[in-house]
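Q: Please take a close look at one kind of contact here. Describe it pair by pair, then place it in its surroundings.

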Amino acid sequence: MGVETLSRGEQLKELASDLLRAVETARRVGLPTTVYLLSMALVEVREAAAADDGDDDDAA
């Protein structure tokens, strides 16, 4: 089987999913500071993913 290479946008979406699960876990175990920090990271990743969706030419 070959190794599948994810695009930057796909990687960001996967990271957002991982962060969301971590936020939910931190909330469940009662870690409010961790929830806050993970939530801020999630916002940043989602914004980057949205920007990446609109920019397909790799110009940075």
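How many salt bridges does the structure hold?

A: The structure holds 3 salt bridges. A salt bridge here is a side-chain nitrogen of Lys or Arg within 4 Å of a carboxyl oxygen of Asp or Glu. Side chains of opposite charge can pair when their charged atoms come close.

First, the ground rules. This is a predicted model, where local features need pLDDT of at least 70 and side-chain atom pairs count only at pLDDT 80 or more, while totals for chains, interfaces and linings use all residues. Residues are numbered from 1 along each chain as its sequence is written, and side-chain values use heavy atoms, with hydrogens and water left out.

The chain has 2 helices and 0 strands. Both kinds of element are DSSP runs numbered from the N terminus: helices are H or I with at least four residues, strands E with at least two. H1 spans residues 8–28. H2 spans residues 32–53. The axes of H1 and H2 come within 9 Å and cross at roughly 160°. H1 is therefore roughly antiparallel to H2. Axes are lines fitted to C-alpha atoms, for helices over the stretch in contact, with angles from 0 to 180 degrees between N-to-C directions. Angles under 35 degrees count as roughly parallel, over 145 as roughly antiparallel, 65 to 115 as roughly perpendicular and the rest as oblique. The crossing of H1 and H2 is left-handed: the near helix is turned anticlockwise from the far one by less than a right angle, whereas clockwise would be right-handed.

Take the pairs in turn. Arg8 and Asp52 join through their side chains in a salt bridge, at 3.4 Å from N to O. This pair links distant parts of the chain, with Arg8 in helix H1 and Asp52 in helix H2, 44 residues apart. Asp52 counts as buried, because its relative accessibility is 18%. Buried means under 20% relative accessible area, exposed over 50%, and partly exposed in between, with a 1.4 Å probe and protein chains only.

Asp53 also has a partner. Its side chain meets that of Lys13 in a salt bridge, at 3.8 Å from N to O. Asp53 lies in helix H2 and Lys13 in helix H1, so this pair ties together parts that are 40 residues apart in sequence. Asp53 is partly exposed at 45% relative accessible area. Lys13 is partly exposed too, at 48% relative accessibility.

The remaining pair stays within one helix. Asp18 and Arg21 form a salt bridge at 2.3 Å, N to O. They sit 3 residues apart in helix H1, so about one helical turn separates them. Asp18 is partly exposed, at 36% relative accessible area. Arg21 is partly exposed as well, at 44% relative accessibility.

Now the surroundings. Helix H1 also carries Gln11, partly exposed at 45% relative accessibility. Gln11 is 34 residues from Val45 in sequence, yet their C-alpha atoms are 9.9 Å apart. Leu15 is in helix H1 as well and is partly exposed at 37% relative accessible area.

On helix H2, Leu37 is exposed at 53% relative accessibility.

Last, the whole chain. Of its 60 residues, 20% count as buried. The chain exposes about 4800 Å², and carbon and sulfur atoms supply 56% of that. Accessible areas come from the Shrake-Rupley method with a 1.4 Å probe; for residues, only the protein chains shown count as cover.
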